[in-house]
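Here are my notes for a first look. Please read them with the model open.

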Amino acid sequence: MRATRPALTALLLAAASLRLLGAEPASAQQQQWFVPGQQQQQQQQRPPAQQQRPPAQRPAAQAPRAAQGQVAGPTEPGAPRLPPLDRAPPPPAAVIGVIGVQEVFEASVAVREVRQTLQRRLARLQEDSAREQQKWREAQQALAAQRGQLTPEQLREKERELQEQITDGQRILRERNAAIQAAGQKALAEVERVLLYVIRQVAEARGLTMVLQRQAIVLAVEEHDISEAVANQLNRALTSVPIDPDPAEAAAPAQGQGAPAQPPRRN
């Protein structure tokens with residue numbers, strides 16, 4: 001007994017050192033002592049595995065569930081809550097045609113007539129404007145020549161009258177130009193209205209379900225282009241369109257009867 005006590009003391013010191021260092025002695029790791037009732041007590045004190053897991057976080061807002069045959073709304077964060085949408089049958093396969101609207105306008109007989117009429121009216125307006133400006137320059141020169149013969153009051157009065165004539169004439173010329181432009185836009189709008197019906201008719205005749213402008217595509221085969229067919233049908237359906245009269249045409253007969261040349265005035 002005396003010989004084994006120092007060895008037992010050394011073993012206890014070694015075990016204490018291992019506990020301080022965070023390790024268990026080999027004998028403690030290998031031997032497990034059985035105590036009656038201890039295993040059941042430990043199982044009762046141990047919390048269930050489900051209680052140790054953190055509870056799952058539910059989303060703040062959930063989209064309504066879609067029934068069979070419906071499409072649910074988006075579910076990603078930040079997306080709006082959309083109600084389910086019923087599924088619909090897919091559209092038929094696209095049969096595409098291509099048209100150059102500018103080419104159709106260039107080939108239109110009615111459009112050419114509108115442009116020619118507008119060009120004649122604008123040329124007449126340019127001539128009248130040049131003639132009126134020449135008259136105003138001559139009036140200014142005549143007034144400058146009479147400057148020494150008029151009193152200051154008379155000179156101011158004649159200058160005021162001349163300025164009123166110039167202002168009134170410029171206003172009338174602007175109104176004529178606006179009327180010409182409005183008449184042209186109204187006539188071309190009628191051509192565009194008929195053109196839409198023609199495109200629809202040609203598309204239906206060829207079984208097309210979609211018609212695109214040539215400027216919006218990069219490549220298309222020639223068989224897809226319906227520009228020539230549309231232009232031919234448009235010329236058969238519309239050879240001319242009415243154009244509003246030029247306001248200057250109403251004043252032309254009065255000037256031909258000896259009235260002094262002046263910008264036409266409104267009635």
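What covers the buried residues of α8?

1. Cover of α8. The cover includes β3 (96–99), α5 (101–107), α6 (109–145) and α7 (152–205). Helices (H or I, at least four residues) and strands (E, at least two) are DSSP runs, numbered from the N terminus. The model is predicted: local features need pLDDT of at least 70, side-chain atom pairs count only at pLDDT 80 or more, and totals for chains, interfaces and linings use all residues. Residues are numbered from 1 along each chain as its sequence is written, and side-chain values use heavy atoms, with hydrogens and water left out.

2. Helix α8 spans residues 227–237, and its buried residues are S227, V230, A231, L234 and N235. Seen down the axis of α8, these buried residues fall within an arc of 130°, so they line one face of the helix. The arc is that of the directions from the helix axis to the C-beta atoms. On the other side of α8, E228, R236 and A237 are exposed. Buried means under 20% relative accessible area, exposed over 50%, partly exposed in between (1.4 Å probe, protein chains only). An α-helix has 3.6 residues a turn, so residues three or four places apart point the same way.

3. α7 against α8. The two axes come within 9 Å and cross at roughly 125°. That makes α7 oblique to α8. Angles under 35 degrees count as roughly parallel, over 145 as roughly antiparallel, 65 to 115 as roughly perpendicular and the rest as oblique. Axes are lines fitted to C-alpha atoms, for helices over the stretch in contact, with angles from 0 to 180 degrees between N-to-C directions. From α7, the contact uses V191, V194, L195, V198, I199, Q201 and V202; from α8, A229, V230, Q233 and L234. Contact means heavy atoms within 4.5 Å. By class, this contact has nine nonpolar, two polar and no charged residues. Ala, Val, Leu, Ile, Met, Phe, Trp, Tyr, Cys and Pro count as nonpolar, Asp, Glu, Lys and Arg as charged, and the others, Gly among them, as polar.

4. V191. This residue sits in helix α7. V191 is buried, at 1% relative accessible area. Leaving aside neighbours within four places in sequence, V191 touches F105, S108, A110, V111, L234, L238 and V241. V191 and A110 are 81 residues apart in sequence, yet 7.4 Å apart in space, C-alpha to C-alpha.

5. α6 against α7. Their axes come within 10 Å and cross at roughly 175°. That makes α6 roughly antiparallel to α7. The residues of this contact divide into 18 nonpolar, eight polar and six charged.
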